[in-house]
Amino acid sequence: MNAVTTEEEKTIIHFLKSQGCCLRCCFRFVGYRTSECYCKPFEFAAQPSYADIRDDTSVEEAPCIACLGVLQDKAQENIVSKIAEKVKEKDYDCTTFTCALTVPVSVKLREHVLYAYMSKEIDIHESVLSNLRTRLQSVKDIWKSFMIPQLEQAMGKRADLSTPSPFLIEIFLTYTDDEVIFKKLMKPKGGSDSQKKRKWNDNKFSRKNVDTLLTEMTDEQLVRHFTISEIAPKTFVCVDDILCSHSSVFIGGRYNKLSRKLSQTPWFINGEKKVETSVQDLLGNPIAEIVKAESIKFLSSGREDVDVRNIYNGRPFAVELLNPRMTNITSELLTRLTDSINQSTKQVQITSSLKVLSRFDLKKLKEGENVKTKFYRALCICRGASGDLPQLEHLNKLKNVRIIQRTPVRVLHRRPLSPRTRIICEMRARWAKPHELKELHTATESTDAFFVLDVKTQAGTYVKEFVHGDFGRTKPSLGDFLNAEVDIVALDVTGINLKWP
């Protein structure tokens, strides 16, 4: 006996109306799926077959005992305009939206209580009520069915609930006496409930805790805990908050870092800023300002030290723009943005066209950190060199040299102590030319002792430590190959072997 007859439906609807249910909740409790009954409930109820339930509309003037007004037109009179005003105020340009609704916690409790009283007071087989419980549609789904068309018209945006849209509108509805109902639910009545009280007395008022309690309570216990009059609402729900957010947008390209006094990201030690600005600030902030993003995250394929330049093709990077308001980003806009950034600073330059990135692009950027090779140019010096200088030519013959590097002293404060193996793919060494030493303070050094090393390495190699050995923590080092004390004077990243963007 699972099918619900028309007479049983009418009996249930009459009972629910007598307890203070709105018309939409009446249709919801008997499992109606027709959109017409929720979009136009009074017109639907005006059909001849519902002549005996359409005569009383006064119940709609008071808050519904089940939904607290969430599904009543009277409670929704201002919500559409409030949402439209919020979206206009925040100035999001996305043409679609997804809507999320949070309803008062006690709505689910009220549904359980009403089912418990239906089971007690209506002469309907339990299997029918059990069937109806499984067919009950959520308040949120019904709300969306008749409210979203109104929101589309008010905002001039299209609802996209299947993809979903990257633009999310969250509406939080609250009821002032919700916590009072929860405390009533916790009130002990009899031995078993006293045990439950002790078991749950540390629980705070939350949706999860109410759901947990309801799974453990029978209809008989709910009837003992609550009378219909005790859960009859005195006021309608109210809008607690409306939040708008857009999923992150990623913009990326390549950059050159031309300063040896610039960190990649803001550099603080003990709350003190160590350098005035950073690559992240110079690249990310102008982009964030244009698209009106709330904040940014800077992503790149590796990073260079403060005193290391990045030249030639540049380092791949991406800026994650959190909660951007402008998302209609054209190639013309990106071109103007590139020109503006390059004109505003000489410390950093964008070397490729900026691009709006996909998740696949970001995955490629992340994977490239482990599989790519990198190219460096190091200006080195043979310390204490007197007389014969080491021969550099044999370095050019070395291929795929395996080195072991223990975590460098300079980064031990932020990285675990562990050895790792890296490959030096190839090297090219030559003595430095006079013009390459002009900007160096070399008064106390013989200019003959300087040489330039071009090196291709596996990603993640500590090149500085490969040159000077880091007190023996890198083996073998360049000094081992030359049988001399070698130090590094300046380092440039000259290439990152990654197809990007």
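The points below describe a predicted model, taking confidence, strands, cores, cysteines and aromatic rings in turn.

1. Basis. In this predicted model, local features need pLDDT of at least 70 and side-chain atom pairs count only at pLDDT 80 or more, while totals for chains, interfaces and linings use all residues. Residues are numbered from 1 along each chain as its sequence is written, and side-chain values use heavy atoms, with hydrogens and water left out.

2. Confidence. The pLDDT is the predictor's confidence in each residue, from 0 to 100. For the protein chain its mean is 89, and 91% of the residues reach 70 or more. Helices (H or I, at least four residues) and strands (E, at least two) are DSSP runs, numbered from the N terminus. The pLDDT is below 50 over residues 188-201, a stretch that has 21 contacts in the model beyond near neighbours in sequence. Contact means heavy atoms within 4.5 Å.

3. Strand E9. Ten of the 14 residues of strand E9 (residues 309-322) are buried, so the strand is mostly covered. Buried means under 20% relative accessible area, exposed over 50%, and partly exposed in between (1.4 Å probe, protein chains only).

4. Partners of E9. Two strands pair if DSSP finds at least two bridges between them. Strand E5 (residues 249-257) pairs with E9 in the antiparallel sense over eight bridges, and Gly253 has Phe317 in E9 as its bridge partner. Strand E8 (residues 295-300) is also antiparallel to E9, over six bridges, with Lys297 opposite Glu320 in E9. The pairing of E9 with strand E17 (residues 486-496) is parallel and has two bridges; here Asn310 has Val493 in E17 as its bridge partner.

5. The four-stranded sheet. An open sheet of four strands runs in the order E2-E1-E3-E4, with mixed pairing. Its edge strands are E2 (158-159) and E4 (238-246), each of which pairs on one side only. Strand E1 (residues 96-102) pairs with E2 in the parallel sense over two bridges, and Phe97 stands opposite Ala159 in E2.

6. Nonpolar cores. A nonpolar core is a set of buried Ala, Val, Leu, Ile, Met, Phe, Trp, Tyr and Cys residues joined through side-chain atoms within 4.5 Å. The largest has 78 residues, and those with the most contacts inside it are Val70, Leu71 and Trp143. Leaving aside neighbours within four places in sequence, the residues in contact with Leu71 include Cys22, Cys25, Val139, Ile142, Trp143 and Phe146. A second, separate core has 32 residues, among them Ile403, Ala429, Leu482 and Trp500.

7. Glu111. This residue lies in helix H6 (residues 106-121). Glu111 counts as buried, at 11% relative accessibility. Leaving aside neighbours within four places in sequence, Glu111 is in contact with Arg28, Phe29, Leu136 and Val139.

8. Cysteines. The structure holds zero disulfides, a disulfide being a pair of cysteine sulfur atoms within 2.5 Å. The closest cysteine sulfur to that of Cys21 is in Cys64, 4.5 Å away, which is too far for a bond. Cys26 is in no disulfide either; the nearest cysteine sulfur, that of Cys21, is 5.2 Å away. Cys21 is buried, with a relative accessible area of 0%, and Cys26 is buried with a relative accessible area of 0%.

9. Aromatic rings. Rings of Phe, Tyr and Trp (its six-membered ring) pair if their centres lie within 6.5 Å; planes under 30 degrees apart count as stacked, over 60 as edge-to-face and the rest as tilted. The whole structure has ten aromatic pairs. In one of them, the ring centres of Phe27 and Phe44 are 5.3 Å apart with the planes at 80°, so the pair is edge-to-face. Because Phe27 lies in helix H2 (residues 23-29) and Phe44 in helix H4 (residues 41-45), the pair ties together parts that are 17 residues apart in sequence. Phe27 is buried at 0% relative accessible area, and Phe44 is buried at 8%. Ring pairs link Phe27, Tyr32 and Phe44 into a cluster.

10. Gln47. The loop between H4 and helix H5 (79-90) holds Gln47. At 30% relative accessibility, Gln47 counts as partly exposed. Gln47 and Glu294 are 247 residues apart in sequence and 52 Å apart in space, C-alpha to C-alpha.
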